[in-house]
Amino acid sequence: IACVMLAAGAASGQSTYYVAPGGSHTSPYDTWAKAATQLVAATDLAGNGDLVLVSNGVYDTGISIVLDGLTNRVTLGTNVTLRSVNGPEVTTIVGGPATIGVGVRSIYVWSDGQIDGFTVSSGATPNANAAYKREGANIWATPTTLITNCIVKDGIARNTAGGILNGIVKNSVISGNRANAGSGGGLYECNAFDSTIISNTAAGYGAGLYLGSASNCLISYNSCGNAGGGAYRATLIDCVLEYNSVLASSWGGGSSECQGGYGSVTRSIYRHNVGGYGGGASYKDTLYSCLLVSNRVTGANAHYQLGRGGGGAALSALNNCTVLYNSNESASTNAHAGGVYQCTGISNSIVWHNTAPFDSNHIDSAFAYSLSGPVPVGDGNIAGDPVLSATFGLAAGSPCIDTGTNADWMATA
């Protein structure tokens, strides 16, 4: 009984502040009748462990200034929870105006805390000498901040992170954000779960996700100027990467450099991604149990003498992967490898039905216990129709059944 009473007492010591357009704006905003009409009025009072509860409305006024003049619509103190009553469809926080070089960030978080159930829109960061002022246009969070059930859209960062800088992102949509002069148009150093990362852009790398991780996420229609249209240097698990792209002079339409200390890609699907020089789906990644289908390279200079190609993958390691119907569509007269180019570690994989003017499936790649055509040099390789099901798994009669080899990574796959 004593333990229960202590727990109840601790909870009652935490304060709740209310925000609603129809409130009387009477401090300390501790009832709905006295609710603040501006978010910043309530969040400025909230302390460690407090809750700010927000009713339906569009919150686009009020300014909070931190860090030597950094302007934000809302600032959350340490371990403050900002929660809407009825969700992101009817509760919006607007920064901005979303104009390059001017404007107001939507939300700044000092440490920890939660943001739950908002549309966070149109944040912008200014032209400034200090790099930190140019980052995280919609949400500047910390690695332990939870952002859940949110729509984060249309932010413009002068440098990096048009959508969210840092944070744990769950069950959210990250859409239409831009890193105007840097990387991570949607997410920068975030860990995302069960979310959609769509239609973000970046001048640099990783338009959808730069660093961090994504699990069970849809990463689609993101585009950047350099490598990794969907993701760059990240850990991806059970994701779908589709319709992402890079410029014609860049690599890795789907993902790039997800390898070594920067991560890997596991049980994910790449489809309809577009690379420039090479790696329509994947460039310099380590892939496990992935499907690469209908990706392409389109750059005019994606040809062999310049060290370019691979509509499916270039310079990646593929373990237990299937690479089908990818293409090198370069206008070059020497375009090679619709499937894989210079992938030096391909095992237990299928590379088949890819197209290019030369070497449709593979060139300059190392295979073991895999199927491709012509039959690759190496232990246990075969050629011929892999006999696949409609979902690209092995069908009855496939020559690939029981012809692979076991690897250490499979024990935890």
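Modeller: Helices (H or I, at least four residues) and strands (E, at least two) are DSSP runs, numbered from the N terminus. This is a predicted model, in which local features need pLDDT of at least 70 and side-chain atom pairs count only at pLDDT 80 or more, while totals for chains, interfaces and linings use all residues. Residues are numbered from 1 along each chain as its sequence is written, and side-chain values use heavy atoms, with hydrogens and water left out.

Biologist: Where does Pro374 lie, and which residue does a cis peptide bond join to Pro374?

Modeller: Most residues other than glycine have a negative phi, and most peptide bonds are trans. Pro374 is placed in the segment after strand 46 (371-372), and the cis bond joins it to Gly373, with omega at about -5°. Another cis peptide bond links Ser27 with Pro28, where omega is about 15°; Pro28 belongs to the loop between strand 1 (16-19) and helix 2 (39-43).

Biologist: Is Leu211, with its positive phi, buried or exposed?

Modeller: Buried means under 20% relative accessible area, exposed over 50%, and partly exposed in between (1.4 Å probe, protein chains only). Leu211, in strand 22 (residues 209-215), has a phi near 60° and counts as buried because its relative accessibility is 17%. Arg267 also has a positive phi, near 50°, but sits in the loop between strand 30 (265-266) and strand 31 (269-271), and at 38% relative accessibility it counts as partly exposed.

Biologist: What is the relative accessible area of Ser330, and where does this residue lie?

Modeller: Ser330 lies in the loop between strand 40 (327-328) and strand 41 (340-341), and its relative accessible area is 8%, so it is buried.

Biologist: How many residues line the largest pocket, and what is its volume?

Modeller: Rolling a probe the size of a water molecule over the atoms shows where empty space is left. A pocket is an open set of points, on a 1 Å grid over the protein atoms alone, with protein on both sides within 12 Å along at least five of seven lines, and lining residues have an atom within 4 Å of a point. The largest pocket has a volume of about 370 Å³ and is lined by 21 residues, with Asn320, Cys321, Thr322, Asn348 and Ile350 nearest its centre.

Technical notes:
On a 1 Å grid over the protein atoms alone, a cavity is a set of points where a 1.4 Å probe fits but cannot get out, and a pocket is an open set with protein on both sides within 12 Å along at least five of seven lines; lining residues have an atom within 4 Å of a point. Grid points are joined across faces, edges and corners, and a volume is the space filled by probe spheres set on the points.
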